[in-house]
Amino acid sequence: MEKSILECIKINKYFYDPVKIQVLKEVDISIKKSEFVSITGKSGCGKSTLLYILSTMDTDYEGKLLIDGIEMRGKKENELARVRNEKIGFVFQFHYLLNEFSVIRNVMLPGLKLAKLSEKEVEAHAYEKLKILGIENEALKKPNQLSGGQKQRVAIARALINNPIIIMGDEPTGNLDKKNSEIVFNIFKELAEVYNQSLLIVTHDNEFAARTHRIIEMEDGRVIR
Amino acid sequence: MKFKLIASVSKSLLLARWKQTLVAAIGVTFSITMFIGLLSFMSGLNDLLDGLVVNRTPHIRLYNEILPSKIQPIDKSADYNTSYNFIRSIKPKNKLLEIYNNAAVIKTLQSDNRVLGIAPKIIAQVFYNVGTIDLTGIINGIDVEEENRLFLFKDYVVEGNYIDLKNTTNSIVLGKGVAEKMLTNIGDIIQITTSKGERLQLKVVGFFQSGLQDIDKVQSYTSIATAQKLLGESNSYITDIQVKLKDIALAPALAKEYAALFELDAIDIQTANSQFETGSSVRTLISYAVGITLLIVAGFGIYNILNMMIYEKMDSIAILKATGFSGADVNKIFITIALSIGIFGGLLGLLFGFGLSALIDQIPFNTAALPTVKTYPINYNPKFYMVGGIFSIITTYFAGYLPSRKASKIDPVIIIRGK
Ligand SMILES: Nc1ncnc2c1ncn2[C@@H]1O[C@H](COP(=O)(O)OP(=O)(O)O)[C@@H](O)[C@H]1O
Ligand SMILES: [Mg+2]
């Protein structure tokens, strides 16, 4: 059996405000290399909460989380930051680009932070990623000069810059119109099939989910399928 | 590499709010400017006022004080040396003001390498005769050249030429106040009476102004030889030996040493003029207090701008953290912002502070009491610039400390959920 790149075992998560409620119940998930997986479910069933835990940003949970075979519990804040930097690419519903930096610079930021390559090499990689996403001509513009769909593609390029083992997305097409959603979906598909990129995308768009390799369906904090 | 990235993120945040940043920096600039200006001026003033005293005052003065003997005959008696002996109405013994064997004392002092120079002096009580009225006064018989070398005598002779005192026999440099009372001009002959009743005529060759009215109303100067003649003493007679040291701080210790060695009374400048020290330190304290207060106000400016920046750039901070920047990195970014405001504002402040000092230095300041001073006094001590620079960095660091910590603790999940 192929090794899991992302695995969580019996994840429980509680919120205490205003009263104690359990939002995740015994969640087990395992993702393998170059899988394109979607998580679906009704609004409020805990999809985002789960994704934040899987991305190491939320550390307040019960259960086990393994990324690339390594246990995440007990790691310090800066070590988790390093894991996110090196192994996880993130795409949110909102693009979160820094308006003070050019598009190319935005894409380069996580690469510069990783500092494994020189600035020149990071820049070359960033151009490569922008080319895959078909927006290399916008490289020198500021993010606020781009359309919504273009911004989201820049955000995807930024997620790709360090060649992460997995891309996570929390409703990455939620803010986009039909046409741009289609473009973004096709990019994800291409990444999975051409570049063997693993992807874990939260969506409540069933049509979108149906076209991925595997669907994880959630209800009321549980994985039901 | 790592710092370059942090610096570039800091810079972008700074430029995104450059107007407010500039205002914060101007706050620092203003306070450092005032700090430098104030301290340079106050310190210049201190030097000026100290100079009034320090230039005119020997570091150590050796003399004979007329005092009763400390050891009375009864203390020497073996029968009573364990008891307290109370004696009333002791009178000073007949001891003269003259320093005996002063040539030997001077020789010893001159061979001491802690000593910069020595000027012997005779102090004589006299009366200036103005018509039928006698004004009390003091005549200082001085070694004109040494007095000038060590105590800048020339600077205080406001009219006439100081060296005439040496070259003209029976000449006198009158205190400005005395001269005004006597209505004399240079070249006039005045008459004085010594305390022993002898009269002598002296030629006025100059006026002397120390800046201290009480002195100028009483004191005058003659050469040592004239003073000896005035008192009817031999040419070895002197009453004071003034010592100027290489290091003024040694004065109290050396005064004790010399007093014991030569069996003379010795007073050091610090003891003689302790009130001036107090004045100086209070002025310095005020300058520092004002400077630091201004800096703290500027610090609040920086604190505000950083808080605002953090509030506005919450999203950016969240995404930086989500993509792998640690809390420590975010902290560094904001500390860098604070410090660059501090360094930029501080440097400008030092520059403007220098400008302000130079400007004050040009403002005319003429006062009769201070003949050598033409403009406001300024002390360009590099120490002030160093202290100002260090203060600006420390204040901005502390101003940035809390906001930076707050930024580093931002939880990206909360921000991203909020969208
Ligand atoms: N900070 C919080 N405090 C309390 N309850 C929360 C908090 N965040 C989310 N929840 C609750 O947790 C549940 C799951 O939320 P979420 O993971 O965002 O759902 P989804 O992404 O599937 O729509 C919801 O019922 C939501 O109200
Ligand atoms: Mg959600």
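How far does a backbone N or O atom of A:Lys47 lie from an oxygen atom of ligand 1? In this predicted model, the distance is 2.9 Å. A:Gly46 also approaches the ligand through its backbone, with an N or O atom 3.1 Å from an oxygen atom of ligand 1. In A:Ser48 it is a polar side-chain atom that lies 2.7 Å from an oxygen atom of the ligand. The protein covers 66% of the 570 Å² of accessible area that ligand 1 has on its own.

The surroundings of ligand 1 include A:Phe15, A:Asp17, A:Val23 and A:Lys42, as well as B:Arg417. Because residues from chains A and B surround ligand 1, the site is shared between chains. Helix α1 of chain A, residues 47-54, supplies the largest share of the shell, 3 residues.

Another helix of chain A, α3, spans residues 103-114. Is this helix enclosed by the rest of the structure or open, and why? It is largely enclosed, because 12 of its 12 residues are buried. Buried here means under 20% relative accessible area. Among the buried residues are A:Val103, A:Ile104, A:Leu109 and A:Leu112, but also A:Arg105, A:Asn106 and A:Lys113. In chain A, the buried residues of α3 pack against α2 (77-87), α4 (119-132) and α5 (148-160). In chain B, they pack against α1 (2-16), α14 (314-322) and α15 (327-362). After α3 of chain A comes A:Ala115, whose phi is positive, near 60°.

Next come the nonpolar cores. The largest one has 110 residues. Residues with the most contacts inside this core include A:Leu6, A:Phe92 and A:Phe188 from chain A, and B:Phe334 and B:Ile337 from chain B. The element that gives the most to the core is helix α13 of chain B (residues 274-312), with 8 residues. Apart from this core lies another, of 25 residues, which includes B:Ile106, B:Ile118, B:Ile238 and B:Leu254.

B:Phe334 can be followed in more detail. With neighbours within four places in sequence left aside, B:Phe334 is in contact with B:Leu13, B:Leu306, B:Met309, B:Ile310, B:Ile317, B:Ser404 and B:Ala407.

Chain B is divided into two domains: domain 1 takes in 2-54 and 276-418, while domain 2 takes in 60-69 and 91-269. The C-alpha centres of these two domains of chain B lie 52 Å apart.

B:Glu147 lies in helix α5 of chain B, residues 144-151. This residue counts as buried, because its relative accessibility is 1% and the cut-off is under 20%. The side chain of B:Glu147 makes a polar contact of 3.1 Å with the side chain of B:Gln242. Not counting residues up to four places away in sequence, B:Glu147 also touches B:Arg56, B:Ala119, B:Ile142, B:Leu152, B:Phe153 and B:Tyr221.

B:Glu257 lies in helix α11 of chain B, residues 251-262. With a relative accessible area of 36%, B:Glu257 is partly exposed. B:Glu257 and B:Val157 are 100 residues apart in sequence, and their C-alpha atoms are 34 Å apart in space.

Methods. Residues are numbered from 1 along each chain as its sequence is written. Chains are lettered from A and ligands numbered from 1 in the order in which they are written. This is a predicted model: local features need pLDDT of at least 70, side-chain atom pairs count only at pLDDT 80 or more; totals for chains, interfaces and linings use all residues. Side-chain values use heavy atoms; hydrogens and water are left out. A nonpolar core is a set of buried Ala, Val, Leu, Ile, Met, Phe, Trp, Tyr and Cys residues joined through side-chain atoms within 4.5 Å. Buried means under 20% relative accessible area, exposed over 50%, partly exposed in between (1.4 Å probe, protein chains only). Helices (H or I, at least four residues) and strands (E, at least two) are DSSP runs, numbered from the N terminus. Contact means heavy atoms within 4.5 Å. Domain bounds come from an automatic or database domain assignment. A residue is near a molecule or strand if one of its heavy atoms lies within 4 Å of it. A polar contact is a pair of N or O atoms within 3.5 Å; within protein, one must be able to donate a hydrogen and the other to accept it, and residues adjacent in sequence count only if both atoms are side-chain atoms. Accessible areas come from the Shrake-Rupley method with a 1.4 Å probe; for residues, only the protein chains shown count as cover.
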